[in-house]
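Okay, thanks for coming, everyone. I'd like to walk you through one structure today, so let me put it up.

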Amino acid sequence: MTRPLNSVERSIEGRNDWLEEEERKAIESRGEMGRMEFWLRVTRSRILKDVKAGLVDVIPGFTQVCRLFKLALDKRAEGDARLWNHLMQYAEQVLGQHDPRH
């Protein structure tokens, strides 16, 4: 028999359900562009909450991630897709283990 969820677990489950549903709606309305815009909005909101909570290292962290992503795009455009491929493999691996929707 499975025990009932406590309030924290119910809250997490509700948040995950919301993320899945909103992502689905974004994809239905705008395709992959909608999905990207949805995750940018969610990320921006989380960054603002973290900054208000005093976790100001989130801004340079996000900046580094953006710089890395742009570098991978630039290298791929120049004909060297190694960094892009490594970045995508790492992203798939991490999200497979820690997907915020599950």
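I'll go through the helices, then the salt bridges, the aromatic rings and a surface patch.

Quick housekeeping: this is a predicted model, where local features need pLDDT of at least 70, side-chain atom pairs count only at pLDDT 80 or more, and totals for chains, interfaces and linings use all residues. Residues are numbered from 1 along each chain as its sequence is written, and side-chain values use heavy atoms, with hydrogens and water left out.

Helices first; these are DSSP runs of H or I, at least four residues, numbered from the N terminus. Just after α2, Gly79 has a positive phi of about 100 degrees.

Now, how many salt bridges does a search of the whole structure find? There are 9, counting a side-chain nitrogen of Lys or Arg within 4 Å of a carboxyl oxygen of Asp or Glu. In α2, Lys70 and Asp74 sit 4 residues apart, about one turn, and their side chains meet at 2.6 Å, N to O. Asp50 is buried at 14% relative accessible area, while Arg46 is exposed at 52%. For those words, buried is under 20%, exposed is over 50% and partly exposed is in between, with a 1.4 Å probe and protein chains only.

Arg35 also bridges to Glu23, closest N and O atoms 3.4 Å apart.

On to the rings. Trp18, Phe38 and Trp39 form one aromatic cluster; rings pair if their centres lie within 6.5 Å, with planes under 30 degrees apart called stacked, over 60 edge-to-face and the rest tilted. Phe38 and Trp39 have centres 5.1 Å apart and planes at 70 degrees, so they're edge-to-face. Phe38 is buried at 3%, and Trp39 is partly exposed at 23%.

Last, the surface: Met33, Met36, Leu40 and Phe62 make a nonpolar patch of about 360 Å². Patch residues have over 30% relative accessible area and no salt bridge, with nonpolar side chains joined within 5 Å and like charges within 9 Å. Helix α1, residues 7–52, gives the largest share, 3 residues.

Notes: Areas by Shrake-Rupley, 256 points an atom, 1.4 Å probe, with all protein chains shown as cover. Helix = DSSP H or I, 4+ residues; strand = E, 2+ residues; numbered from the N terminus. Phe/Tyr/Trp six-rings, centres within 6.5 Å; stacked < 30°, edge-to-face > 60°.
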